[in-house]
Structure formats: C-alpha cells, structure tokens
Amino acid sequence: SQARDQDKKPVTISFTGTGERRVRVGYVVETPVWKTSYRLLLQDKGTSANLQGWAIVENQTESDWNNVSLSLVSGRPISFIMDLYQPLYATRQVVVPELFASLHPQIYDGGIDNSRDKLAMVTRAAPAAPARSMSNLAATAAPGPCARRIGYNADCTPATLQLNEITVTGALMDASASVQSVALAAKMGELFQYSVGNVTLPRQKSAMLPIITDTIHAERVSIYNAAVLGTNPLNGVRIKNTSGKHLLQGPVTVFDNGGYAGDARIDNVPEGQERLLSYGIDLDVTVDNTKNSKTSSAIETARIDKGLLIVSRKLVSSTEYAADNKSAKEKMLIIEHPVRGGWKLVGGQKPYETTPASYRFMGTALPGKITTLVVNEENLQYESMAMASNDIGQLIRYSQTGEIPKSVRDALAKAIGMKQAVLAVESQIAAHTAQIADITAEQNRLRENMKTVAPSTQYYERLLAKLNEQETAIETLQKERVTLIARRDTLRAELDAYLNGLTIG
C-alpha cells in the first residue's frame, strides 16, 4: 500500500540528549494566492466614502480548517521552488576511444545567401486583449468564529432560529450596516499583513472574509481619455488611501447613494497614495478634441558643419478639448492627454499629475456651458543634408529663409554660386557630347550612301567632302569637351574644398 502511494514520503525525526521537552513540528502546504474584492459606497455630499474589502481565501487541502489563524500578506515577495528532494549527481562526459570511433552521417541545414537583397519584414501587432466584464461579487462574509456563524451559539452549539416577520419598505439598501472587519492589520517590513483568527472552512471550499471597513477620501470626477472613449468622459472617483492599510489589487463594486453604479478595478494602493477609479459613462458631458486641433511646422534655425547643412525645425501641436456640460451642476473634469516621445508641453497649462502614458489636467466644467482646454506641445526635429550632393533648388529655398542666420545664408549663397558654375560647365559638356553623337549618326548615313555610288561620280566626291568636314568638327568638339571636363573637375574640387572647411553656427 505504501509503495502504491507515491504522494506520501516518510520523514524520520531524531532527537539527541536526555529529558523531556516539547517538540513542535510544522510543514508548508502550497495554497492558492488570496484575492481581494471591494465595495465602495459613495454619498451624495462630502468627500468621504466607505470602503469595504473582502479577502477571498480557498482551502484546497484535504483537511478541514477548524478555528485556524490566517495570516494574509500583501506585497510582492520574491519566491521560487527548488527541488531539494531528488539526489543531485555531477554528470560526466562520455568519451569514445579514438580507435573505435567512426564518423556519423552528416546532415547539413540549408543556408541563406547573404548576397541577396534583404527586405524588412512587416510584422503584425498583437491583437488587443478582450475586455473582461467583472460580475458583481456577493458581499456575504465567510464563516468565521462560531459567534459570527448563523445557526450557532458562541460556544459552537446549535442555536434555535426564530423567524420574525420583516416589513420591507421602499428605502434604499444600507450596504454598510452589517459588515464588520474580522482582520487585524499590521505592517511587516515592506509588506502588509492581515491576521484573521478562528477561521473554520471545510476542505475544497472558499470563503470571503471582511478585512476592511474604513472611511477614505473620495472625490467625484469625470475622466476623459480620447483613446478610451472619444465622445464622453467616464464617471469616476479620485480616492486617497487613508485607511492605514495596504489595498491589494482587485475588482471594486461602486454604490452611489445605495444604488448600484458600476464596476471598476483598482491596482495596489499603498497607504497615503491616490488612484483614479472609473465605473460608468458620464452621459451628461460630451467632449470634442478634433474640431480645433492642428499641427504646424516652422524652421527655427540652421547651421553648417563641414559641408553638412543641419536645419532645426519646430513642430507645434495644439489640441483643444471642448467639454459640454449639459447637467445642472458643475463637475470636476480630468482630461488625460497622451505623452508622446520628443514632445514637450508649452504654454500656461500645467498637468496636476503625469503618468508614463499621459498628462492629467483637472478643472471645473460649469453647468450648461462649454468649457475648453487647449494643450500646446512642441517638438524640435533636426534635418541634415550634404550640400555637395543636395538638390540646388532646396538649398536656394533655405538661403531665402529669414529664420536662418545671415552668416549661414551667405555661405549657402556662395556654395550655390559655385554649384551653379559646376552645373553650367556640366551642361556644356553634355551639349558637346550630344553634338558629337549627332554628327556620328550623320556620318553613318553618309557612309551608307557612298556604298551605293561610284567613286568617279560628282555625288561621291560631294559626300566625301561632307564627311571630311564632319571629322574636323568632331575633333574640335572633342578637344573642347576635354577642356570643359578639366574645368569642371577644377570647379568641383574648389567647391569640395570650400564645403569641407565650412563650419558656421
């Protein structure tokens, strides 16, 4: 029977010495990570709200928990598993004597020809994770001490239950009337611990233990993010953890004046920190950020570094958020504007908070009015070009731009004149080359005609004289072209020498 049961291992404990003593033996059992679920109760007035939190624990062991003490630690400690049970042997390399070693058949993989052209692969972005809707978690406490268990007396004896007639009125539910924390909270170094005593939970069962029933600071806000919803902000609250406890991440069910308002998610919130929660769409406010938004570009300045023209260009982006508050009361509006690499905020608008992904601006949206927020940003970009090989038309445009310093524009004008001189000579060389080609084609026609005419005829002598004149013209054009090529090379060398030593700005 023991041989067939592979999940049980015998452990022998030996003691040395003499005399009686108390021995305590403990063991560690892997259990699921505990989770949290919250309920946030908002009131119509004031900046406080009641936060209730439950720890969801699961007994996945094969033993019942009878009046055990639970220690629920919040934080992110580093933990791992290492196999210390299995024997560890140092492996040795197997060596075959050379006399008996033989070659194995070789398999060669196909290679890639590095001389072939390479194209960058166009990859597809990973699909967005599907949105998860969180169901409203029940707010019933798990069985705790016998004094808190329905149907039992404080001494864990069955109690007699008497059903009384209850009159139901139209009043809203008071969700905070019957919830009381059963946990003691304490800091433990960098972690936070909730201790719950006298927990009774059968095997393979789960329970929700109330651990938080505190009043926290909560301010109603409307949160707008164009990437989340382009037309309306979201109803939300700006909470500050004044409970004195560490809030673990989890779902939050929001009740507004006793009625269900929506669900939200909260991340880990240490004591004293603030977070935003959104739980529904604010249909009273519409926001437009496209009508009066624009981006413009203008040259700031330019400089020359060894013939390299470096132009500084400023991109200016202006985004206007127009919020139309159609309700009869003013609302605190938070606008999240995306943070873009290379861009910085300019102007008088300052965010009250900045995250790695967005700037957060906060202000009041007046009732029955359209409230606007203009966010101005600028981005400095640098464009560099080699003046020797760049298009002369672009250099002419930069030489006429008033934002560029006069010294740089004068240097550009001189370089443009030198490039135009080179281009003029190159144009003459091209013209001479074209003339030589035309004459050569005409000579081919004359030679074909001379093949059909007798040498003793007057027409033959005329063709021969014409051919002689064309040879003289070709020789003249070729000599002139050689001179022009030498002139072009000289002008180009002068331009290169000027540009290589040119540094301004």
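Analyst: Tyr224 counts as buried because its relative accessibility is 0%, where buried means under 20% relative accessible area with a 1.4 Å probe and protein chains only. This is a predicted model, in which local features need pLDDT of at least 70 and side-chain atom pairs count only at pLDDT 80 or more, while totals for chains, interfaces and linings use all residues. Residues are numbered from 1 along each chain as its sequence is written, and side-chain values use heavy atoms, with hydrogens and water left out.

User: How many aromatic pairs are there in the whole structure?

Analyst: The search finds 3 aromatic pairs, a pair being rings of Phe, Tyr and Trp (its six-membered ring) with centres within 6.5 Å; planes under 30 degrees apart count as stacked, over 60 as edge-to-face and the rest as tilted. One of them joins Trp34 and Tyr194, whose ring centres are 6.1 Å apart with planes at 75 degrees, so the pair is edge-to-face.

User: Where do Trp34 and Tyr194 lie?

Analyst: Trp34 is in the segment before β1 (35-42) and Tyr194 is in strand β5 (residues 191-201), so the pair ties together parts 160 residues apart in sequence; strands here are DSSP runs of E with at least two residues, numbered from the N terminus. Both Trp34 and Tyr194 are buried.

User: And what about the rings of Tyr224 and Tyr321?

Analyst: Their centres are 6.0 Å apart and their planes stand at 75 degrees, so this pair too is edge-to-face. Tyr224 belongs to strand β6 (residues 205-225) and Tyr321 to strand β13 (residues 308-325), so the parts tied together are 97 residues apart in sequence. Tyr321 is buried, with a relative accessible area of 3%.

User: Switching topic, what does His246 touch?

Analyst: His246, in the loop between β7 (234-240) and β8 (250-256), touches Ser74, Phe192, Tyr194, Asn241, Asn268, Val269 and Pro270, not counting residues up to four places away in sequence; contact means heavy atoms within 4.5 Å.

User: Is His246 buried or exposed?

Analyst: His246 counts as buried, at 17% relative accessibility.

User: Last one: how do β16 and β17 pair?

Analyst: Strand β16 (residues 353-354) and β17 pair in the antiparallel sense over 2 bridges, two strands being paired if DSSP finds at least two bridges between them. They form a hairpin with 3 residues between them, and the bridge partner of Glu353 in β17 is Arg360. Strand β17 (residues 358-365) also pairs with β14 (residues 331-338), antiparallel over 8 bridges, with Lys331 opposite Ala365.

Definitions and conventions. Helices (H or I, at least four residues) and strands (E, at least two) are DSSP runs, numbered from the N terminus. Buried means under 20% relative accessible area, exposed over 50%, partly exposed in between (1.4 Å probe, protein chains only).
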